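Hello,

Here is the structure for you to look over. My notes on its salt bridges follow below.

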Amino acid sequence: MRFSLPRALRSFRKRALIVVVAALAAAGVVSTGPAASAAGPVPHYLMTAFTNSSESNMYVYDSANATGFTQVKANAYTPPSGLIRDPSVLRHTDGYYYIVYTTNWTGDTIGFARSTDYVNWTFLRNVRVGLNGATGSTWAPEWFKDSDGSVHVVFSASTAGTAGQFRPYRITATTADLSAWSSPVALGIPANYIDSFLVKVGGTYHNFLKNETTKYVEHATATSLTGPWTFVGTGDWADWGSGLEGPALVRLPDGRWRIYFDQYGQRRYFYADSANLTSFGAKTELTGLSGTARHFTVLREDSGDGTAIATGARSLRSVNVPDRYARHRDNLGYLDPVSSSSALSARQDATFTVVTGLANASCYSLRSVNFPDRYLRHYGFRVRLDVNGGDASFARDATFCGRAGLAGGTSFESYSHPGRYLRHQNYELRVDWRTSDSAFAGDASFTVSSPLA
């Protein structure tokens, strides 16, 4: 039997609930506006490449879907000497982006550089890893991070220079800051293979590499990083044709794998997709970059966790300093004490319109209510209020993805630099690399409240 409250009591309860919700909204505890639907983490794809026009300068590109790439910066890095061919990119646990690259056609070194923002790079060192000094060749270094957390660089080396019989080797980082490396160890692949790119699925290592005799990209597997390796795809096994090099893989959010490769003779770039790394679809030309980019890698990073944020006019109240709100002042972001009794100008400065992300519709941007042509964005990781110039760089830096608050409430993770969060430090708003301490968690957590103005 179903019990039913008397109508008068039901009406009273409904009115009481409305009053409570309204009071909480006025206090900034709950939001009453619409929220975008949670869609899970939002991917961002970073690519480093050299180009047909220059093998001494590195270009940086990014993409929201691993297909359509836009240029972040041309000539983003030029080494102090030599070349920068085949740049491979890694995001390390210290928050830095690292590249490793081919330093010259002949020689026994590979080069390393790093960046906080993947736009401005600093040369670190050349590491001697080759097999025969200046008479040999050391090419195509690629990062590989194993499931145990160890960091390796896999490269191809020949003792007889550019015409020699290349085979893959690896070195392993022996320090956490990637400054020291082990001696080279042969990967266990036969001679005359080059451009090894490794991924690991479960207990199986997959190696996609170029057969220098046939010019096909082939596929080998092993249960140990040093082999023995079994070739499971040889010749034209994937129906991509020959004359291919520089394979690089990235995993897509739906679990599929995407492989990129360079058809160097025709100066064209392609990709193909696979659900299992065993069978791939037909190759598809990489529109926009084919004919420009050469031998690149793609790094996928995810922002946010799909936490939905109420759109419309909102204010962001600090979780750990609850009498202060995010606001702009002199076009910079601060955390200031603001309340309903503050001057209208201060309340307006602490009120933003939460809109669909300028760079990705699954994330958000914060537009000023009193300067509606301006948005909160980071520049050099300092948060400021700038006019939207309509360029892709601005859109990326003014886009944040929702995440369950690190210390309650909501946190805002940078879309352009995953792992960095909107936070206050000394009451200045910044976008900083997340650390594990509770202080950072509190500084990077906000209550999305009703608008102060």
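A residue counts as buried under 20% relative accessible area, exposed over 50%, and partly exposed in between (1.4 Å probe, protein chains only). This is a predicted model, so local features need pLDDT of at least 70 and side-chain atom pairs count only at pLDDT 80 or more, while totals for chains, interfaces and linings use all residues. Residues are numbered from 1 along each chain as its sequence is written, and side-chain values use heavy atoms, leaving out hydrogens and water.

A salt bridge here is a side-chain nitrogen of Lys or Arg within 4 Å of a carboxyl oxygen of Asp or Glu. The search of the whole structure found 26 of them.

Glu 428 pairs with Arg 382, at 3.7 Å from N to O. This pair links distant parts of the chain, 46 residues apart: Glu 428 is in strand S31 (428–433) and Arg 382 in strand S27 (382–387). Strands are DSSP runs (E, at least two residues), numbered from the N terminus. Glu 428 is partly exposed at 33%. Arg 382 is buried at 13%.

Asp 273 meets Arg 256 at 2.9 Å, N to O. Asp 273 lies in strand S18 (268–274) and Arg 256 in the loop between strands S16 (245–251) and S17 (257–263), so the bridge ties together parts 17 residues apart in sequence. Asp 273 is buried at 19%; Arg 256 is partly exposed at 31%.

Lys 210 bridges to Glu 212, with the closest N and O atoms 2.8 Å apart. Lys 210 is buried at 4%, and Glu 212 is buried at 16%.

Best wishes

Key. Helix = DSSP H or I, 4+ residues; strand = E, 2+ residues; numbered from the N terminus.
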